[in-house]
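Please read the following account alongside the sequence and the coordinates, moving from the overall fold to the cores, the aromatic contacts and finally the backbone.

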Amino acid sequence: MEGDGSDSPVIIKNIERELICPACKELFTHPLILPCQHSICHKCVKELLLTLDDSFNDVGSDNSNQSSPRLRLPSPSMDKIDRINRPGWKRNSLTPRTTIFPCPGCEHDVDLGERGINGLFRNFTLETIVERYRQAARAATAIMCDLCKPPPQESTKSCMDCSASYCNECFKIHHPWGTIKAQHEYVGPTTNFRPKILMCPEHETERINMYCELCRRPVCHLCKLGGNHANHRVTTMSSAYKTLKEKLSKDIDYLIGKESQVKSQISELNLLMKETECNGERAKEEAITHFEKLFEILEERKSSVLKAIDSSKKLRLDKFQTQMEEYQGLLENNGLVGYAQEVLKETDQSCFVQTAKQLHLRIQKATESLKSFRPAAQTSFEDYVVNTSKQTELLGELSFFSSGIDVPEINEEQSKVYNNALINWHHPEKDKADSYVLEYRKINREDEMSWNEIEVCGTSKIIQDLENSSTYAFRVRAYKGSICSPCSRELILHTPPAPVFSFLFDEKCGYNNEHLLLNLKRDRVESRAGFNLLLAAERIQVGYYTSLDYIIGDTGITKGKHFWAFRVEPYSYLVKVGVASSDKLQEWLRSPRDAVSPRYEQDSGHDSGSEDACFDSSQPFTLVTIGMKKFFIPKSPTSSNEPENRVLPMPTSIGIFLDYDKGKVSFYDMDHMKCLYERQVDCSHTLYPAFALMGSGGIQLEEPITAKYLEYQEDM
């Protein structure tokens, strides 16, 4: 396959924008063509798959936050990259291989299929253009000979068959005249080597010779005969080349012919940018003016309110001062009492009577007030508390005049938080909004956190990288052009106390497949109380108890903090959930009938016949009972054991938090992220998520919130 040589002059300096990978934001390196026809670096595709793969199957890390595929990606270890690039590679026998990820260019999910990266074409044309750009950028940087002994000489040509660069001497040595190598194709010095013939990624020994018009990609004859393109319309490669080249040349000629029009429109855009700049500054000045008027009104009202409070305070203090002076007069040798004592010294009866009558009335009045003390004024200023609730609400909805956009409303039932947060909203005037801005922030009692903003085109969004054991507020507003609606009411969600632990039900644990039905995805199990149970009941004698049927998660825990959630079906008769050690599980799964007796129940390690007599704080398992739409808190010596205090309504979704390092397990109501029950557990062995069912029942594991989950929700 021969590329377009560099004979025709190509202006390369002004096209850098087209040569940047949307994932790593650097020049393309070995770009691959995705099914959506966007290109992305080979390494970036691997990193995207590894990032999503790790987030799906992260079972031991305390930090489950993953880098966004639209940001600069962290470099994974080389052994991981080699492993994911190997044909037929699979993560393990328990979990499916991740082949779906969002394209960084268009943000639509792309599925690489069974062959993964090996099924993608390398964009050699783009790679060649990038190489020309690099050469133009480094102009003076020489490409050295690959075969010279140190120090290497500057290369003069590159062999496309050998994929190496040579100086004149080394080229003559390795391509002697009269040999097959002398027939090799060589070009000027380059680091961009590509095969002469494109081979089919699906059928590696077949040459590409056709073009699928439906999938818009080259294919081989086997792809057409019995592959994925059997029923697709295809054309010959030469015909496709001719047609596409004619169309592209025609469109380019049209654009070149409209160069004067393009320049005119660029000038018009420059004028519009200047006009926008001026209008924006004018709008800011007007907004500042309006806010300054509000500030003036607030300052005026503030001054008036403070003046009223000061006046009332002064009046009350004056009354208290007068009353205090009157009471001070009742003290010996002071005021009224001192004056009365002086009057008593009068010996002339006529003069004494003349003065004493009025004085006696005053003394009587003072005596009565002393018996029934009453302050002259109130100390409370509750009548002077400023009520700003209505004004605060109005100011919170302050927006642009006559926006014409209704306020969107967050759908609380469809919004949830698990490994990520999923926020759904609806808008009465959906067709009138161009986009939305979703805002969220962590609620911190100590500091007022700033809002984070994300622009969204649809009516739902997944938020990643939220902190564990935190409370977040979410709100959304709609945009129509440059006009925005007021913000919606805030939705408060609580994140799990630890990173989400991903696992599936273990199909190889030895569970009773006659009683338990496991779906193909291994995320749902049902207990069938059917014909087999009736046959077993026919053989039941006095003292025999039907056993629980156990099933466990396919991954164990040996360290760290982990959280997982599930739903118990409302019709379930009896379900036990929790954690158990590997040793205990072997005992239960190998001989389930021996583990259940009239006096023993797998419920928090107690003997059910004497639960209040013993309480083992270092048991190797902890299970709680759920059934008949109730959640039963196990008995303990430190809490009330009355039935009304131990029986709670069954939550819609139940979460389990295991702190392996501290040896503690907690059970949560996922709807409110509220801890219902916690206790110690022996963590000296590997612990597994454990489940047990009796009678009819069902358990559904919560699905991690990913881009695929969001697509499914939208379809629903």
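The secondary structure of the chain comes to 14 helices and 33 strands, where helices (H or I, at least four residues) and strands (E, at least two) are DSSP runs numbered from the N terminus. This is a predicted model, in which local features need pLDDT of at least 70 and side-chain atom pairs count only at pLDDT 80 or more, while totals for chains, interfaces and linings use all residues. Residues are numbered from 1 along each chain as its sequence is written, and side-chain values use heavy atoms, with hydrogens and water left out.

Of the 716 residues in the chain, 35% are buried, a term that stands for under 20% relative accessible area, with exposed over 50% and partly exposed in between (1.4 Å probe, protein chains only). Among contacts (heavy atoms within 4.5 Å) with a separation of 6 or more, residues 24 or more positions apart account for 62%.

In soluble globular proteins, nonpolar side chains tend to be buried together. A nonpolar core is here a set of buried Ala, Val, Leu, Ile, Met, Phe, Trp, Tyr and Cys residues joined through side-chain atoms within 4.5 Å. The largest such core has 59 residues, of which Ile551, Phe563, Trp564, Phe566, Val577, Phe691 and Ile699 touch the most other members. This core draws at least three residues from each of domain 3 (409-494) and domain 4 (516-589 + 619-701), the bounds being those of an automatic or database domain assignment. Apart from it lies another core, of 23 residues, including Ile40, Cys41, Val110 and Ile117.

Aromatic pairs are counted when the ring centres of Phe, Tyr and Trp (its six-membered ring) lie within 6.5 Å, with planes under 30 degrees apart taken as stacked, over 60 as edge-to-face and the rest as tilted; the count comes to 16. One of them joins phenylalanine 505 and phenylalanine 691 edge-to-face, at 5.3 Å centre to centre and 75° between the planes. This pair links distant parts of the chain, since phenylalanine 505 is in the loop between β20 (491-494) and β21 (516-518), whereas phenylalanine 691 is in strand β32 (residues 687-694), 186 residues apart. Both phenylalanine 505 and phenylalanine 691 are buried. Phenylalanine 563 and tyrosine 668 also form an edge-to-face pair, at 6.0 Å centre to centre and 80° between the planes. Phenylalanine 563 lies in strand β24 (residues 561-568) and tyrosine 668 in strand β30 (residues 664-669), so the pair ties together parts that are 105 residues apart in sequence. Phe501, Phe503, Phe505, Trp564, Phe566 and Phe691 form one aromatic cluster.

Helix α7 (residues 259-328) has 70 residues and reaches 100 Å from its first C-alpha to its last, close to the 104 Å expected at 1.5 Å a residue, the expected span being 1.5 Å times one less than the number of residues. In α7, Ser312, Arg316 and Gln323 are buried, and the charged end of arginine 316 sits over the ring of phenylalanine 381, 4.3 Å from its centre; the criterion is NZ of Lys or CZ of Arg within 6 Å of the ring centre and within 35 degrees of the ring normal. Helix α6 (residues 237-257), by contrast, is hardly covered, with a count of one buried residue among its 21 residues.

Most residues other than glycine have a negative phi, and most peptide bonds are trans. The peptide bond from proline 150 to proline 151 is cis, with omega near -5°, and proline 151 is placed in the loop between α3 (124-138) and β6 (157-159). Lysine 25, although not a glycine, has a positive phi of about 60°.
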